[in-house]
Amino acid sequence: MSDDHRVQGVPVADILARHGSPAYVYDADHLRERYRELRAALHGRVEVHYSLKANPNLAVTAVLGREGAGAEVSSLVELETALRAGIGPERIIFLGPGKSRAELEACVKERVALVVAESVEECRILSDIAAAQGVRPRVLLRVNPGFESKKSGLAMGGKPRQFGMDEDVVRALWTDGSALHGVEVEGLHVYMGTRILSAESIGEHTARILDLAAQLADETGLPVRTVDFGGGFGVPYFANESALDAADACRRINEAVEAFLEDRPQTRFILESGRYLTAEAGIYAATVRYVKESHGEHFAVLDGGSNHHMAAAGIGSFVRRNFPAKLLGRSGGEERAWNLTGPLCTPNDTIGGGVSLPADLAPGDVVGILSAGAYGPTASIGRFLSHGFPNEILVDGGVDHLVRAADTVADMLGPQRLPASLGGDA
């Protein structure tokens, strides 16, 4: 973000006045700059694929797609979003541990670049679909390795997981071959974790993944024309965290890639990135409706809350910690501790506890939760208690664009049907 009060020179408070509060506000320039920095720092053989799970907004995806990012998707809606955003199927990979037959059929129909297969049965189903359509989709076999990454906010390997296949299963699958009759195995996919803030850890896990790929290739003859080693680049949210040295992380990745290319010079690599590209490009802004004091603590009741930003509310976390929060639109003086709560009729609707904000916080003030561009609406129960999702706004070229309208009463009730027995027409 350009500063705490403005995005590309546009005051956040003015954006909310035009489009309504609360809202997510994204900075298109920040998205571009972050992608370009990452792309420039990485080895030329490493492709960057945007993980739509972090923020599947169509406009956000289009900004990154036009910069050259591929897409990593894991649902039919994400696939369609990437296509509508202008990312061609040749730049899309589809993964997920429980793909439906409809999703696998869509992968074959759209000719996506790679399908990441995560079980033996999935390989069989995909092979049958492909054979029926007369095509051979390219596949990466996802491996759940026997080791785990260090300093990862969420580890994805080294333990029993629903993701991928254990190393011995991959060996047996390739050796037997019957489940792969209709597909072309292109290589391997290994994803170790997410929100990693240590360049050393990223470098180590990349090197170990590539060592595993080389070992499997040497032992079984399994092709490794493509290796997807995930990503895991993190951003700091909390007071005790330091920013990732992304340049150092990329340098370490590049060293591992160069070493792998010495023996396999035709291999291409994929790095997936979602949070790192989008988190710091977004802010969640909400307006104070009421302030009150209760048993010696001060509360600011906002017009948006935990249903819009579950991560800030700490829902699903072992330990609740505050995301960075700021008063937007005006300067403040002496500060005090505020509990930031939302409008929901539940005591869990708190998105900041004991947050230091100006003591004169008042109705009409705008509060922003920073670093909110990743895992906001996509990871939140937006329609909890029938409140609905908020506006999403992209600022591009100094102009604020409404890129997703907030849910209305009609949006919420429209899909429902009242049966004739209760006076309806269904």
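## Strand E20 and its partners

Strand E15, covering residues 282-294, pairs with E20 in the antiparallel sense, with 4 bridges between them. One spot to look at in this predicted model is Ala285, whose bridge partner in E20 is Gly368.

E20 also has a link to strand E17 (residues 325-328): here too the strands run antiparallel, joined by 4 bridges. Ala325 sits opposite Ile369 of E20. As for cover, E20 has it on both faces. Val366 and Gly368 are buried on one side, and Val367 and Ile369 are buried on the other.

Ile381 counts as partly exposed because its relative accessibility is 41%, which falls between the 20% and 50% cut-offs.

## Helix H9

Now for a helix. H9 takes in residues 246-263, so 18 residues in all, and spans 27 Å from its first C-alpha to its last. That's close to the 26 Å expected at 1.5 Å a residue.

Which residues of H9 are buried? The list runs Ala246, Asp248, Ala249, Cys250, Ile253, Asn254, Ala256, Val257, Phe260 and Leu261. Their cover includes helices H2 (28-41), H8 (199-220) and H10 (275-278), along with strands E4 (46-51), E13 (226-228) and E14 (268-273).

How values were computed: Residues are numbered from 1 along each chain as its sequence is written. This is a predicted model: local features need pLDDT of at least 70, side-chain atom pairs count only at pLDDT 80 or more; totals for chains, interfaces and linings use all residues. Side-chain values use heavy atoms; hydrogens and water are left out. Buried means under 20% relative accessible area, exposed over 50%, partly exposed in between (1.4 Å probe, protein chains only). Helices (H or I, at least four residues) and strands (E, at least two) are DSSP runs, numbered from the N terminus. Two strands pair if DSSP finds at least two bridges between them. The expected span of a helix is 1.5 Å times one less than its number of residues. Contact means heavy atoms within 4.5 Å.
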